[in-house]
Amino acid sequence: MPELPEVETVRRGIEPAMVDATFVTVEQRRPDLRFPLPVDFATRLQGQRVISLGRRAKYLLLTTSGGEVLIMHLGMSGRFTVALGQGLTETNGARSDLVGEFAHAGVCNPKHDHVVFHMSNGSIITYNDPRRFGYMDLVTENALADCHHFSKLGVEPLGNSFHSTALASMAANRTTNLKAFLLDQRHVAGLGNIYVCEALYRARLSPRRQASCLALSNGKPSARCERLVPIIKSVLEEAIAAGGSTLKDYAHTDGSLGYFQHSFAVYGREGEPCLTPACSAKIERNVQAGRSTFYCGNCQR
DNA sequence: AAGAACTCCTGTTGGC
DNA sequence: TGCCAACAGGAGTTCT
């Protein structure tokens, strides 16, 4: 379940295989992912050179020499595997020899290989997505900021505009709970279930508390908000440094694993002891906004 | 308008 | 062993 750190890890994994290379062939093996693929998807990409590969929240943004941007979202189970072309150095652990091995091991069933990019440097980048919650779109560079994917998207949590005053303003008068508020991409863009659970635990904030508890009081962000913002940043930064979290649906572009799941304090730990020293409570689980929330009812208030 | 519920999808898991 | 329901969840849509 790729959230911001996993998407950033994927970006770093496929960047060396794609940037400065040209799309030779784009294989589109089905008409749609979650949504229909763009009209003339393959032909619009073929012959274009990749200028850059960026990221906005959980979206990958590939800018082409033709002035179009390929927007890619991994959804729940989207995955890229890379077979590096000859002469490309192994970067970020992208090892071409592993791709077949992992496919053979059934980790990545080839029947869900929906889009395959063949690059001029010999690299082959394959998009595999069993649940097809992912999607791809093509828009012109000029239309990018106003397209429906981004027009309502909130602040980038690792950017400079994400600070306690900004979060406090967004939270003003919000009656929804903290968990749902932080999952809403219109506020902070890039957080998902795992990192919201982990950040709220570290900040010792109950996921059931009203979001408005973060709001300004006496013109200043609440102490809770001041505490939460740097924690959100550090959780994401640590996860990126660890290469993301590997759960059922996510692995690196080379099939290898991220390591941040070993740092989970609450996610997936229902019934296990809280890791806070001197706390003897067990991690609880309930459902908020249709997702499992894991928390310590004793430490998080 | 905000917030909650529902929807899409398929592999995995647990109960019988 | 086999079958089936429940579950996982990002984000768009629909409802209240």
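A residue is called buried when it has under 20% relative accessible area, exposed when over 50%, and partly exposed in between, using a 1.4 Å probe and protein chains only. With that in hand, strand β4 (residues 68–73) is largely enclosed by the rest of the structure, because six of its six residues are buried. Strands here are DSSP runs (E, at least two residues), numbered from the N terminus.

This is a predicted model, in which local features need pLDDT of at least 70, side-chain atom pairs count only at pLDDT 80 or more, and totals for chains, interfaces and linings use all residues. Residues are numbered from 1 along each chain as its sequence is written, chains are lettered from A and ligands numbered from 1 in the order written, and side-chain values use heavy atoms, without hydrogens and water.

- β4 pairs (at least two DSSP bridges) with β3 (residues 59–64) in the antiparallel sense over five bridges, with Thr-63 opposite Val-69.
- Three residues separate β3 and β4 in a hairpin, where Gly-67 in the turn has a positive phi of about 85°.
- Strand β8 (residues 135–140) runs antiparallel to β4 over six bridges, and its Leu-138 stands opposite Leu-70.

**DNA strand B**
- Residues around DNA strand B (a heavy atom within 4 Å) include Arg-34, Lys-111 and Phe-133.
- Sugar and phosphate make up 68% of the atoms of DNA strand B that come within 4 Å of the protein.
- A phosphate oxygen of DNA strand B is 2.6 Å from a side-chain N or O atom of His-112, and for Thr-176 the distance is 2.8 Å.

Technical notes
Polar contact = N/O pair within 3.5 Å; in protein donor to acceptor, adjacent residues only side chain to side chain. Helix = DSSP H or I, 4+ residues; strand = E, 2+ residues; numbered from the N terminus.
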